Amino acid sequence: SINGQRSTQDYQQADAAHHIHAFLDQKALNAEGARVIVRGDRLNLWDNEGKRYLDGMSGLWCTQLGYGRADLAQAAAAQFAKLPYYNMFFHTTHPPVIELSELLFSLLPAHYSHVIYTNSGSETNEVLIRTVRKFWQVEGKPDKKIMIGRWNGYHGSTLAASALGGMKFMHEMGGVIPDVAHIEEPYWYAKGGDLSPAEFGLQCARQLEDKILELGADRVAGFIAEPFQGAGGMIFPPESYWPEIQRICRKYDVLLCADEVIGGFGRTGEWFAHQHFGFEPDTLSLAKGLTSGYVPMGGLVLSKRIANALVERGGLFAHGLTYSGHPVAAAVAIANIQAIQNEALVPQVKNDSGPYLQSLLREVFSQHPLVGEIQGAGLVAALQFTEDKTTRKRFANENELAWRCRTLGFEEGVIIRSTLGRMIMAPALIANRSELEELVEKTQKAVDRTA
Ligand code: PLP
């Protein structure tokens, strides 16, 4: 039975018998056994043995409203009963998707007008590549096909999305396509050498100009990046970075494509992370926080320039997904966005919970022998493990250390994420002060035990 009481060992054996898990060595996982999560409320998760974990990662950066929201469940149930499925193929549409779009564009800056809905971040970035290429065809520049991404960027796990991303170990699994290039990530702490952060930010941005000149501006369609790099270490670029990237994109008429899959929907204390960094992308890739992860949904937002060209001069748009704008997903997205608005969560993250988390982390970790840098804004933060703080020398075994810290976190009852020698947290936007205190206290115990 789905909810029946089975032993942990029984669950784990059945899990191992049937599942290939994400981003893990399957044999190593099977030796350890997967944790069986059965229930959630606010930031709390419970496993099948009744142990409670404080979820410091909003699931996978997506449960902006936390777990157990009756309003989202009711929105889904009502829509299931009324119209559980219809689509936006050919000549049909439906009220939930129309109302969602009106709400979405009321949040967005005025230079965006259209959206193509998908079911995930990966799909959104697949659609992005085809849409951008179509745009340039319509503009009479069909050779503008190449997308430039960044090493260690993450844009999803499907073929083209993983190729856009810069995770080499993913490319090795077959994730490469033609007409994609990469530049360095703006990771000052690890790669900045003797340069100041500002100098390094400019240097990284100017690699984009070099790459465009090397490939030819008449062949480059767009540059895609996460406003802050999430899966690749939660790296905030130096302040000099984004204005220079924007200047270069405008100069060579290369579309600036922001992957807002984790930065969107309030994470930094602005509705969208590009607003935190102060730049104006041409496209926004959305997913995750759009529905607080309760049902799958993503979307590609287009500027008026792109949308006008596609609508007025594009002719047939040769694309469609069966579940694009799914009515139940749209109903949940509306309830989710309305709750974020009604509970004033974005200003709360900006003015209260965000600064509170950032200051707690600095209080606890700025003198910690293992931690060389604390980065973040709003409710997203990273701790950099560092062997020598003055030279910014990283541990040779930093991945192992971070993985150990994550495992110790589970023991302490907190879920934080390890990536590339950095510990990451991104709690739900509803987090109150005592939940944030618990998050930092338990993280401190895990980091102390890692040393
Ligand atoms: N883009 C970014 C920035 C992400 O962090 C992710 C997932 O973590 C994706 C895209 C892919 O989204 P999905 O897993 O929904 O396909």
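Two strands are said to pair if DSSP finds at least two bridges between them, and in this predicted model strand β7 (residues 220-225) and β8 meet that condition, pairing in the parallel sense over four bridges. Within this pair, F223 stands opposite L256 in β8. Strands of a sheet pair through backbone hydrogen bonds, either parallel or antiparallel.

The loop between α11 (241-251) and β8 holds D253, a residue that has a positive phi of about 50° although it is not a glycine. Is D253 buried, exposed or partly exposed? With 15 other C-beta atoms within 10 Å, D253 is partly exposed, because a residue counts as buried at 20 or more such atoms and as exposed at 12 or fewer.

Stepping back from β8, the reader can follow the sheet to which β7 and β8 belong, an open sheet of seven strands in the order β4-β10-β9-β8-β7-β5-β6, with mixed pairing. Its edge strands are β4 (112-118) and β6 (180-183), each of which pairs on one side only, and the twist from one strand to the next averages 20°. The pairing of β4 with strand β10 (residues 298-303) is antiparallel and extends over six bridges, and here T118 stands opposite G298 in β10. Helix α13 (residues 304-313) lies across β4, β9 (283-286) and β10, and runs at about 90° to β10.

A second open sheet is made of four strands in the order β11-β12-β15-β14, and its pairing is antiparallel. The strands β11 and β14 (417-419) stand at the edges with a single partner strand each, so one side of each is left without a neighbour in the sheet. Further in, β12 and β15 run antiparallel and are joined by four bridges, with Q384 opposite R422 in β15. Helix α15 lies across β11 and β12, and its direction is at about 175° to that of β11.

How is the chain divided as a whole? It has a domain 1, made of the stretches 8-15, 34-68 and 345-450, and a domain 2, which covers 72-342. The C-alpha centres of domain 1 and domain 2 lie 26 Å apart, and the contact takes 29 residues from domain 1 and 25 residues from domain 2. On the side of domain 1 that touches domain 2, the elements giving two or more residues are α3 (58-61), α15 (345-365), β11 (371-377), β12 (380-385) and β15 (422-425). The residues of this side divide into 14 nonpolar, ten polar and five charged.

W61 is buried, with 25 other C-beta atoms within 10 Å.

Finally, the model contains a ligand surrounded by 14 residues, of which the closest are S120, G121, S122, G156 and V261. Sorted by class, the shell around the ligand has six nonpolar, six polar and two charged residues.

How values were computed:
Residues numbered from 1 in each chain as written. Predicted model: local features only at pLDDT ≥ 70, side-chain atom pairs only at ≥ 80, totals over all residues. Axes fitted to C-alpha atoms, helices over the stretch in contact; angles between N-to-C directions. Contact = placed C-beta atoms within 7 Å. Near = placed C-beta within 6 Å. Nonpolar A, V, L, I, M, F, W, Y, C, P; charged D, E, K, R; others polar. Domains from an automatic or database assignment.
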